[in-house]
Amino acid sequence: MYDTYSQTVLPFASSPELFEQYTNASGGLRTGMLMEHLDSLAGSIAYKHMLGPSVETLGRVQERGFYIVTASVERWGRLDMLASLYPVRDTRLNGQVIYTGKSSMEVAVKMEALGPDGGEETLMLGRFSMVCRNAYTHKAHPVIPLIITTPEEEALYKIGESSKDRRKHAALQALSRVPPSSAEAAELHTTYLKCGQEDDSLVRGDRVWMGDTLLEKTMLMFPQERNVHQKVFGGYLMRLAYELGFANACFFMRSHVTFHSLDGISFTQPVPIGSILRLRSQILHTSPVGELPAIVHVRVVASVVNVQTGHEETTNDFRFTWAGDDGKSTPRIIVPKTYQEAMLWLEGKRALELGAQIRGKRIRTLEGEQRS
């Protein structure tokens with residue numbers, strides 16, 4: 001396992017030229033670009049596992065006989081922001097493979113701030129699920145098993161293994177497969193009785209139809225953003241989705257927002273170079289009125305548009321969570337109008353509840369490590 005460890009340092013504090021490339025309008029760092037780097041790092045680590053720790057270049061995929069793609073950043077294998085990016089410091093991105101299946105592997109990644117006094121602070125933690133495919137048939141390709149040599153590596157392997165089991169369980173409980181629980185149905189009905197019987201205008205200031213939160217953009221996909229498979233790089237799509245979702249969250253909250261987590265991504269198919277990509281963002285759920293900080297859960301769907309027919313095919317589904325950072329913002333209530341929107345509303349509710357649970361556990365773990 002230790003052979004797969006990789007890291008890169010971005011010297012933002014000591015290199016003004018580099019910082020200029022990543023700075024945002026507030027003088028901080030563009031989180032979407034850092035997430036793009038984490039996705040790239042996860043892919044590099046996966047190839048390093050398959051090709052050996054001494055490999056320096058990938059070479060041609062056809063010669064290797066296999067290729068690796070990001071399968072998902074699942075809700076149990078997510079990216080969580082644990083500390084502020086401020087003040088801007090040199091930043092280390094690192095990770096390693098912690099679990100392998102028959103044709104998949106789980107890569108754990110970490111973003112750390114490096115203080116001038118030598119201190120380190122964990123900024124973000126996450127896991128990427130990667131899958132290996134045959135370069136010719138595009139079917140599953142065997143992944144080299146991990147060799148576990150220490151108790152620490154055994155613990156990491158068990159984390160990856162349990163994460164895979166939780167993903168399977170979550171898939172079986174998905175609302176696309178089974179109906180909502182009785183408690184979820186009751187809460188949905190209560191929201192309908194309170195907020196959903198207005199006319200279509202829904203002019204009250206404390207509530208808004210889910211469909212009215214739609215924000216979208218359409219872009220051409222250029223070859224400068226291609227990956228080794230000559231498709232659009234997944235990390236770039238992640239950055240585009242993050243920035244659109246961020247804008248939508250700001251509009252909805254009527255204030256600046258702070259990133260909490262990337263709760264999940266599904267990669268259903270690659271985006272071809274030269275295609276027209278449409279990104280659509282919607283607010284799915286918010287924290288209860290009066291709860292601070294106010295939290296909002298956002299969905300961004302990416303689709304490739306066929307110019308001749310107008311048909312759209314979904315390629316990616318991203319889920320993000322942001323919080324109001326002024327300590328005063330009160331989110332409006334999201335009201336679904338259709339059954340499909342009601343299921344998305346419940347998915348958002350589940351994501352916020354799970355996110356609060358995972359962040360609490362990770363923060364308590366980090367606090368325990370710092371005390372020890």
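**Entry 1: ground rules**

I am working with a predicted model, so I noted that local features need pLDDT of at least 70, side-chain atom pairs count only at pLDDT 80 or more, and totals for chains, interfaces and linings use all residues. Residues are numbered from 1 along each chain as its sequence is written, and side-chain values use heavy atoms, with hydrogens and water left out.

**Entry 2: the two domains**

I looked up how the protein chain is divided, and found domain 1 (2-173) and domain 2 (182-370). Those bounds come from an automatic or database domain assignment. I then checked their C-alpha centres, which lie 23 Å apart. On the contact itself (heavy atoms within 4.5 Å), I noted 33 residues from domain 1 and 32 residues from domain 2.

How much area do domain 1 and domain 2 bury between them? I found about 2700 Å², with 59% of it on carbon and sulfur atoms. Buried area here is the accessible area (1.4 Å probe) that two parts lose on being put together, summed over both.

**Entry 3: across the interface**

I searched the interface of domain 1 and domain 2 for salt bridges, and the rule finds two. A salt bridge here is a side-chain nitrogen of Lys or Arg within 4 Å of a carboxyl oxygen of Asp or Glu. I also looked for polar contacts across this interface, and the rule finds six residue pairs, both residues at pLDDT 80 or more. A polar contact is a pair of N or O atoms within 3.5 Å; within protein, one must be able to donate a hydrogen and the other to accept it, and residues adjacent in sequence count only if both atoms are side-chain atoms.

Which element gives the most to the side of domain 1 that touches domain 2? I found that helix 2 does, with eight residues. Helices (H or I, at least four residues) and strands (E, at least two) are DSSP runs, numbered from the N terminus.

**Entry 4: Gln62**

I found Gln62 in helix 3 (residues 61-64). Is Gln62 buried, exposed or partly exposed? Gln62 counts as partly exposed because its relative accessibility is 38%. The scale I used: buried is under 20% relative accessible area, exposed over 50%, partly exposed in between (1.4 Å probe, protein chains only). Leaving out residues up to four places away in sequence, I saw that Gln62 touches Ala135 and Tyr136. Gln62 and Ala135 are 73 residues apart along the chain, yet their C-alpha atoms are separated by 5.8 Å.

**Entry 5: salt bridges in the whole structure**

I reminded myself that side chains of opposite charge can pair when their charged atoms come close. My search of the whole structure finds 17 salt bridges.

I picked Lys349 and Glu187, whose closest N and O atoms are 3.3 Å apart. This pair links distant parts of the chain, with Lys349 in helix 7 (residues 339-371) and Glu187 in helix 5 (residues 182-195), 162 residues apart. Lys349 is buried at 12%, whereas Glu187 is partly exposed at 33%.

Next I looked at Arg278 and Glu312, with closest N and O atoms 2.5 Å apart. Arg278 lies in strand 10 (residues 276-286) and Glu312 in strand 12 (residues 312-324), so the pair ties together parts that are 34 residues apart in sequence.

Asp317 is buried at 14%, and Arg319 is buried at 6%.
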